[in-house]
Amino acid sequence: PKGATRKILPRRGYTDAPDGVSMKAQEVRNPVDRRMASVLAKDPQVQAMQEAMQGQGGNTRRSLLAQALRLTPQVAPDLHKIIDRCVERLDVETELEVYVYAAPQFNAGCTSPENGRVFVLLTASLLEAFDTPELTFVLGHELGHHIYEHHEIPLQALAQQKGVAPRTILQGHAWLRQAELSADRAGLLCCSEGQDTGLDGAVRSFFKLSSGMRQAPGPEQVAAYMEQSAELYREDSEKERKGFQMDWLSTHPFSPVRIRALKAFSESQAMGGELSMESTEAKVQGAMGLMEPGYLEEDSPGAEAMRRLLFAAGAVVAGADGEVSALEIAALASLLGEGRVPRTLNPERLAEVMPERIKRVIDLVSEPKRVQLIRDLTLIAKADGGVDNRERFVIRELAGKLGVQPSFCDMAIEDSSTLD
């Protein structure tokens, strides 16, 4: 029927940025996202998964037609005005269909292309609670994932495969967080108007997503929410942050981190500000440092202590089910680097040195950073296709000794990488 889908005209581009500065979406994509996506796309395991998924017929549209409401221009004219704006600002060329479905949570998503269409999904609660600038940011963010082809790297499917190198999974998690920053920038481009960067609408959307509150926050509430960013960084300085342990596996940066990164971008030359793009990217990655401890490459006594414990604990976890498989040895070698793991391991001997290595890690490494070691152990346990209950027990026991919530182990084992 007429108006059921939207066929987009050829690219017109968007150049009426503040002070005449070009703001084409491809030019302001987070360069770390671009670089990491390029590296992942060349990974043989990623390529193999992409090939395996080619030609698989999708049934997303049929499912949506059966279970959700399609928002055509006739059904939701105001929403389509927002979509038209985002399409122009982001140079979207693909046919779009927008659906709303019943759910109490504020959520939105964008699918990978299927039969020449992309589906944008909104929960009814979000659609009803978000005003025009907030919806513009959310829709621009979701379409940002599409134009940057973030869905082309099938990490969720890859994470469920047997024998996937843990480094690939770790790189995938880190890349997903960087990809979210690119999508946030796309959302901000859609919100901007003249000298107004659109940051206020973006922050209000984060406020609602974080709080679940439907009422639009006032200036004082927005300012207080932005102050959370500074508070988060102050709390991270070698203090115990037990409440944040569950977030180390997040595919999304913490909302205060995203706000700090987006504020830096709003002050950049690309948005008509004075901050050079080089300085902007430095500030953005400085903010992201909160989520990237990097002990596998870091040169410090604490990082070395973590690696030594990972070697011993990795062998003990792998051998907990009675056999250290070649896939588990390969997974440990993937984490620690080539030449650092022998072809055979002696779990019983390495179990004897674990107490000393645990103590050294506790002495040198802050509790939040120990969480990544537990996560890495789950990747070793999953390398042969599943986690035995004995392996789970060993990981949970070590987590308790390191001050990590045992429930984090279960979350890490059951984790699947998603992007919305």
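1. R390 is partly exposed, with a relative accessibility of 45%; the class covers values between buried (under 20% relative accessible area) and exposed (over 50%), found with a 1.4 Å probe on protein chains only. The side chain of R390 meets that of D388 in a salt bridge, 2.9 Å from N to O. D388 counts as partly exposed too, at 24% relative accessibility. A salt bridge here is a side-chain nitrogen of Lys or Arg within 4 Å of a carboxyl oxygen of Asp or Glu.

2. A word on the model before going further. This is a predicted model, in which local features need pLDDT of at least 70 and side-chain atom pairs count only at pLDDT 80 or more, while totals for chains, interfaces and linings use all residues. Residues are numbered from 1 along each chain as its sequence is written, and side-chain values use heavy atoms, leaving out hydrogens and water.

3. Now to the sheet, which is open and has 4 strands in the order β1-β2-β4-β3, with mixed pairing. Strands (E, at least two residues) and helices (H or I, at least four) are DSSP runs numbered from the N terminus, and two strands pair if DSSP finds at least two bridges between them. β1 (69–70) and β3 (108–110) each have a single partner strand, so they form the edges and one side of each lacks a neighbour in the sheet.

4. Look next at β3 and β4 (residues 117–123): they run antiparallel and are joined by 3 bridges. C110 has V120 in β4 as its bridge partner. Helix α6 (residues 132–147) packs on this sheet and touches β2 (95–101), β3 and β4, a contact being heavy atoms within 4.5 Å. The direction of α6 makes about 25° with that of β3; axes are lines fitted to C-alpha atoms, for helices over the stretch in contact, and angles run from 0 to 180 degrees between N-to-C directions.

5. How many salt bridges does the structure hold? There are 21 salt bridges. One of them joins R117 to E95, with the closest N and O atoms 3.8 Å apart. Because R117 sits in strand β4 and E95 in strand β2, the pair ties together parts 22 residues apart in sequence. R117 is partly exposed at 22% relative accessibility, whereas E95 is buried at 17%.

6. E180 and R258 also form a salt bridge through their side chains (3.8 Å, N to O). This pair links distant parts of the chain, 78 residues apart: E180 is in helix α8 (residues 166–191) and R258 in helix α11 (residues 255–266). E180 is buried at 0% relative accessibility, and R258 is buried at 10%.

7. Finally, a network of salt bridges links D131, E134, D200, R204 and K208.
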